[in-house]
Amino acid sequence: MFETLILMLDATMRVSTPLIFAALAGLYSERAGIVDIGLEGKILGSAFAAAAAAAVFGSAWIGLCFGILASVGLAMIHGFACITHRGDHIVSGVAINTIVAGLTVTLSMHWFGMGGQTPALVGDARFLDITFPFADAMESVPIIGQIYSNLLSGHNILVYLAFIMVPVTYWVIYKTRFGLRLRAVGENPHAVDTAGISVSFIRYRALIICGILCGLAGAYLSTAHNAGFLKDMSAGKGYMALAALIFGKWRPVPVLLACLLFGFLDAVAVRMQGVVIPGIGEVPVQAIEVLPYVLTVLLLAGFIGKAIGPKAIGRPYVKERA
Amino acid sequence: MPYAIELRDISKRFGAVQANKDICLQVPAGTIHGIIGENGAGKSTLMSIIYGFYEADTGHIEVDGKRVDIRSSQDAINAGIGMVHQHFMLVENFSVLENVILGAEGGAVLKNGIGAARIELQRLAHEYSLDIDVDAIVEELPVGLQQRVEILKALYRGARILILDEPTGVLTPQEADHLFRILKALKDQGVTVLLITHKLREIMASTDNVSVMRQGEMVAHRETAHTSKEDLAELMVGKKVRLTVDKDEAQPSEVLLSAQNLSQFDSQGVKRLKNVSLELRAGEILGIAGVSGNGQSELLNVLSGITSMDEGEIHFAGQVITAKAPKDAAQMRDLKMAHVPEDRHKMGLVTGFEAYEAAVLGYHNSPVYNGKILMNRKVMLDECNERMAAWDVRPPNPHLKTANFSGGNQQKIVIAREVEQNPEVLLIGQPTRGVDIGAIENIHEQIVKLRDSGKAILLVSVELDEIMALSDRIIVMFDGAVVGELDAKDADERTLGLMMANAYNEEQEGVSA
């Protein structure tokens, strides 16, 4: 029983990683007042760029750089549309998602001719699991040893990075000058402008961070969690991250918990495949896969109270003509 | 001694509109200088130029005798200029401290800056008697204190010149008095204050010098001690104006509308309207006074049928309207109740519509304007032309988009639309908000004329002068409830002000004790 739990939690960590990256990415963007429904597209774009570059150069790190580059590029397009030209954030985000969904497959066919996939990544072209010191020796120690060697040890570096990013984000958002200005710009950009700070510059910087984090999420999917790019491999993770962001009320630690909950449900879904429950029969996987979304709707509908987002979110900043 | 701030030949043009033309202004250090003018006279544009929101087309600014180049708010702050905006520039869910240090954090990590700021704020609070709890969340503070945060923000940045743009619009008379005491204290400490307002009373009460703007130009500079309200009012509009309304004694007759115990809750379950009862008689103007946001808007919405009450009932035109048997705004219109909403942009007009289209809104289903299938444009246009002539709407062009008329002319279009339907009851909210003095006179006359023809008028206004000039009877609202009612003859500013702050009874008790 305990071993099963450890295995499920282990899976939860792996599945949650891209959610955590993406939800934190959304946190920076939305706290600065930019709605980011384009998380999905950025993840997918980065997944493709990372896998393609890793395949060509044979290095996961170079792949990661390309993934981040692609994702930041997409974030800048979003910024150009929403900040510079005051476009509608949703329209721009959906456009990015649509373009990326088509472009990744098309480019992949053109470059690799493998039906929309990239070549399978082997060796250094993937992020490999890191085994902590003495993990093997500790395995025999009950509970603590099992947690150490089976749950904490044996993940790739991006998993650890995702978890480290949560306290880092907390610190940046609440304890630094940049964080104060970022939060202010999402609440009342006029206050920031009259304080002599450029609203656009802060929002662009928030989007760059958003791009980097989405880049990490995408690279994780294609060069760490899997070994190559598959068509539509982001599979709604961007939207799920957005749900976790709202669920966690735009605050780093609750957002982490929401991501872990969603990841756990996902792990359960995998585990429940083909399991026959007495009296009910085989549970359709879809019924469990839908749980995160159902949960978000239900919880937002009444159990956790109103989710009040940043006040100026989605509204382009226009200097008022007095 | 050089001037604290001097403007030389500042001009600014927005497209076809010359917002500022060759503005010159000299403000001696350590004085309170008033700038007065009608809405749209260019005061706010000028201040935005000084604060770096806009760049002037020509001209330049000198601070302490040195020419400064102000291209952004940051430049203005560096030059020692601080601004308290009409709409506060505060982040509402931040603490006072966070708001004050925003933009002047003193380092990339907040920790060090916050400690220093706390000490500095205590010093400022002590020096200028601006006491405030620095850890309070701004949205939980009353507006008077929020304004104090704005002043502290400017002083914290080392402002020696403080600009206040229409600072008393949201304050009760008592809060405003407090503000002026603060400004005097600032002046005593050598701070130069620029006070922008359209309220003559404030200029007379608090400034050392005053400059008058009209249509983008600086038309006069006066020492406050050597001028008068009438003199300034004349300079503002360029002709003699009356600040009172000529009207005969009201002849109220039968009750046209009565409301009993109206209550309404908002979406959070907070009671916004608390057991309001009133009677409105034919041939009278009933004024509702109160600081903005004390239930007046909710009352107007319930009476006009835009929202439904949760408790209570309205008797009107032989009908009983309750929460169970509501009537919507269109049905109320059919019963001959007209409504000029408080916010003409949000509720009174579709700003993208041409004037003749906006002039039938709410009555657009009337057979007068409709053929069998299409609307009858000719009737609409003819009628619009007639009304524009009768109400002196400028420019008299029915095809101009309503957004392109000035505030006063937009308001005339709205009021004409409602009044010309010959209603029995007219609900009118903030009839002269953002309207210049010439048009105010015209609108006031029309309201009195409607009263004299035996109609009932419910007037909601946050302008005490307007309430006192127009009303026959005055009801004061505070926190959703009626806290006082008096005959207009017995009303004075002090009594109303105390009632608006719900301090009247306390004061009376204090006197008797």
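The crossing in which α7(A) passes α12(A) is right-handed. The model described here is predicted.

The residues that bring these helices together can be named on both sides. From α7(A), A:Val166, A:Thr169, A:Tyr170 and A:Ile173 take part, and they meet A:Pro252, A:Val253 and A:Leu256 of α12(A). Sorted by class, the contact between α7(A) and α12(A) comprises 6 nonpolar residues and 1 polar residue, with no charged residues.

In chain B, an open sheet is built from 4 strands in the order β12-β11-β14-β15, and the pairing is antiparallel. Its edge strands are β12 (271–281) and β15 (319–322) of chain B, each of which pairs on one side only. From one strand to the next, the twist averages 15°. In general, the strands of a sheet pair through backbone hydrogen bonds, in either a parallel or an antiparallel manner.

Within this sheet, strand β11 (residues 255–265) and strand β14 (residues 311–316) of chain B are joined in the antiparallel sense over 5 bridges. B:Ala259 has B:Ile314 of β14(B) as its bridge partner. Helix α9 (residues 296–304) of chain B packs on the sheet, where it touches β11, β12 and β14 of chain B. The direction of this helix makes about 60° with that of β12(B).

The UniProt record, an unreviewed entry, places the feature "domain: ABC transporter" at residues 5–240 and 257–504 of chain B. Over residues 257–504, chain B is 33% helix and 25% strand. The C-alpha atoms at the ends of this segment of chain B are 28 Å apart.

The contact between the chains was examined next. Chain A contributes 19 residues to this contact, and chain B contributes 26 residues. On the side of chain A that touches chain B, the elements giving two or more residues are α8 (177–187) and α9 (189–194) of chain A. By class, this side of chain A has 7 nonpolar, 5 polar and 7 charged residues.

Definitions and conventions
Residues are numbered from 1 along each chain as its sequence is written. Chains are lettered from A and ligands numbered from 1 in the order in which they are written. This is a predicted model: local features need pLDDT of at least 70, side-chain atom pairs count only at pLDDT 80 or more; totals for chains, interfaces and linings use all residues. A crossing is left-handed if the near helix is turned anticlockwise from the far one by less than a right angle, and right-handed if clockwise. Two residues are in contact if their C-beta atoms, placed from the backbone, lie within 7 Å. Ala, Val, Leu, Ile, Met, Phe, Trp, Tyr, Cys and Pro count as nonpolar, Asp, Glu, Lys and Arg as charged, and the others, Gly among them, as polar. Two strands pair if DSSP finds at least two bridges between them. Axes are lines fitted to C-alpha atoms, for helices over the stretch in contact, and angles run from 0 to 180 degrees between N-to-C directions. UniProt positions are given in the numbering used here, feature names are shortened, and annotations may be inferred rather than shown by experiment.
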